[in-house]
Amino acid sequence: MTAPAAAITLYGNLRSRAMRPLWLLREMGVPFEFVPVIQAYRLADPSAPGAPFNTADPAFRALNTQGQVPILRDGTQVLTESMAITLHLARTRGGPLAPANAAEDGEALQWGFVAISALEAPSLDILMTCDAGRQDTPDGQTVLATASAALMRPLARIEQHLQGRDWLMGGRFTVADIMVEECLRYAQPHPPALAPFPMVRAWLERCQSRPIFRTLMQEREAETL
């Protein structure tokens with residue numbers, strides 16, 4: 001897979017799904033421009049004078065009428081879904097983080113679909129419940145129990161897959177690990193959801209111990225958007 005010479009611009013912020021392609025780009029070490037864009041719902045009045053560049057801005061909506069981050073501009077091509085962006089960047093510029101052959105390309109697609117279809121929604125339910133401080137309320141406990149139950153089958157699958165492996169694909173850290181970690185990370189505020197899966201927890205620790213991930217999380221905490 002040959003890397004095109006086109007320039008890369010990524011729009012988003014570190015408190016969004018832009019973390020997925022941003023982490024990959026940092027790991028790959030390829031040049032790119034990062035344009036900070038805040039979600040409009042995080043602003044009292046996104047159209048007010050002096051408001052930061054946000055997803056309701058007409059210039060942003062011209063790139064993505066859905067008004068969502070991230071957006072990738074790769075030369076003349078514009079992509080708008082975080083998993084598609086991440087896989088596209090890996091395939092075109094990923095080096096050892098990319099699928100090495102057709103078989104690994106299928107594996108990467110598989111793990112991307114597992115992440116987005118089976119892990120993200122219940123993990124987000126956990127994150128939003130805990131971020132809202134509702135984890136000790138009856139309603140919050142119901143949400144956490146339901147979300148944890150929904151994670152059991154996909155986590156059991158990953159737990160079995162990780163037996164004798166450090167990484168999800170090819171015996172090395174790849175785009176597959178980034179896509180799955182970035183969805184499952186949302187569930188970590190509720191440790192009981194991950195408690196039955198020691199291999200998954202050890203794999204998460206390996207992913208999150210990478211220097212670039214740690215730097216990104218520090219930048220995320222310092223982000224002023």
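Helix H3, helix H4 (102-131) and helix H8 (211-222) each supply at least two residues of the lining of the largest pocket, where helices are DSSP runs of H or I with at least four residues, numbered from the N terminus. The model is predicted, so that local features need pLDDT of at least 70 and side-chain atom pairs count only at pLDDT 80 or more, while totals for chains, interfaces and linings use all residues. Residues are numbered from 1 along each chain as its sequence is written, and side-chain values use heavy atoms, with hydrogens and water left out.

The lining of this largest pocket comprises 30 residues, and Arg15, Ser16, Arg17, Gln39 and Tyr41 lie nearest the centre of the pocket; on a 1 Å grid over the protein atoms alone, a pocket is an open set of points where a 1.4 Å probe fits, with protein on both sides within 12 Å along at least five of seven lines, and lining residues have an atom within 4 Å of a point. H4 gives the most to this lining, with six residues.

Helix H3 (residues 82-93) also approaches helix H6 (residues 175-184), their axes coming within 10 Å and crossing at roughly 160 degrees, where axes are lines fitted to C-alpha atoms over the stretch in contact and angles run from 0 to 180 degrees between N-to-C directions. H3 is therefore roughly antiparallel to H6, a term for angles over 145 degrees. Met83, Thr86, Leu87 and Ala90 of H3 meet Val175, Met179 and Cys183 of H6 in this contact, which means heavy atoms within 4.5 Å.

Notes. Parallel < 35°, antiparallel > 145°, perpendicular 65-115°, else oblique.
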